[in-house]
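Dear colleague,

I am passing this structure on to you, together with some notes on what turned up when I went through it. Please have a look at it below before reading on.

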Amino acid sequence: MGETNQNLYSGSFNIEGGNFNSAGIVSTNIKSILKKLGIPGDLVRKAAIVSYEAEINVVSYAKKAVVNLTVNSGTVQIEVIDEGPGIPNIELAMQEGWSTADQKIREMGFGAGMGLCNIKNYSDDFHITSEVGKGTHLKMIIQTP
Amino acid sequence: MKIEEIVKTLGLEVVCGGDHLGKEVTGGYTGDLLSDVMGNAREGFLWITRQVHQNIVAVASLKELAGIILINSCQPARETTEKAEAEKIPILVSNLPAFELSGKVYNLLTAKSS
């Protein structure tokens, strides 16, 4: 066992809002970094799910975002800080099925109001704060052995 | 059961990823909502859908799905096949609708394991 809180990786990635063609690239990067660090496969997949859902939210609604990946011994932390419209009512947004997605997003099979629920369900710890007109800040933590 | 056995038995068209049909299929999931598949499909599953855009490849790759079957003879977009080749995700096409195809895949998978 390593020393507690020993930092194994820290890095940042950018997501461009509105670009569905590149959606998933950041999550794919995160997944391969975690794999290389030897994080167990089921936890890597959990991290991939939460980062992909967050990435799709940025692409669907925000202007841009920075993703900070911090891997310490014992935790994987993924932070997504976007510049966008923000969420007026977080409690409502956390309800499964609630969505503000437009027709174009829905036709692609996104915008079903499941993204934030997936993030919550697949994170061991999840924090969301938002300011209308400024943006949304997500913090997801997955515990590792 | 390997993907190639399912391809052969159901007469699926292999659009791309023909070199990766030796993957083992552990189950299946049918759906057109990407977050539903993201949340509920499991590693090694075949995904039955009518979505043809390139984001299906990201979902399949991140979830480590065995492959994707498109229903109703839907053809994938060009960017979808390019990404799928790069990510080694087989994309198959069936002329059946989702309900019938899911039933057939389910029967194959459960018959083999019983």
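**What was found**

Chain B is built from 5 helices and 5 strands, and, read from the N terminus, these elements follow one another in the order α-β-β-α-β-α-β-α-β-α. The radius of gyration of chain B is 12 Å, close to the 13 Å that the globule rule gives for 114 residues, so chain B is as compact as a globular protein of that length. Please keep in mind throughout that this is a predicted model.

As for the dimensions of chain B, its C-alpha trace spans about 35 × 25 × 25 Å along the principal axes. Of its 114 residues, 43% count as buried, and when contacts between residues at least 6 apart in sequence are taken, 51% of them in chain B join residues at least 24 apart.

Chain A also has its elements listed here: there are 5 helices and 5 strands in it, running β-α-α-β-β-α-α-α-β-β from the N terminus on. For 145 residues a compact globule would have a radius of gyration near 15 Å, and the 15 Å of chain A agrees with that. The C-alpha trace of chain A spans about 50 × 30 × 25 Å along its principal axes, while buried residues make up 39% of the 145 residues. Among the contacts in chain A with a separation of 6 or more, 66% are accounted for by residues 24 or more positions apart.

H2(A) has 21 residues and reaches 30 Å from its first C-alpha to its last, close to the 30 Å expected at 1.5 Å a residue. Because 17 of its 21 residues are buried, H2(A) is largely enclosed by the rest of the structure.

How do the two chains meet through their helices? Two packed helices are described by the angle between their axes and the distance between the axes. The crossing in which H1(A) passes H3(B) is left-handed, and the contact is made by A:Ser27, A:Thr28 and A:Lys31 on the side of H1(A) and by B:Ala58, B:Ser61 and B:Leu62 on the side of H3(B).

With best regards

Conventions
Residues are numbered from 1 along each chain as its sequence is written. Chains are lettered from A and ligands numbered from 1 in the order in which they are written. This is a predicted model: local features need pLDDT of at least 70, side-chain atom pairs count only at pLDDT 80 or more; totals for chains, interfaces and linings use all residues. Helices (H or I, at least four residues) and strands (E, at least two) are DSSP runs, numbered from the N terminus. The radius of gyration is taken over C-alpha atoms; the globule rule is 2.2 Å times the number of residues to the power 0.38. A residue is buried if 20 or more other C-beta atoms lie within 10 Å of its own, exposed if 12 or fewer, and partly exposed in between; C-beta atoms are placed from the backbone. Two residues are in contact if their C-beta atoms, placed from the backbone, lie within 7 Å. The expected span of a helix is 1.5 Å times one less than its number of residues. A crossing is left-handed if the near helix is turned anticlockwise from the far one by less than a right angle, and right-handed if clockwise.
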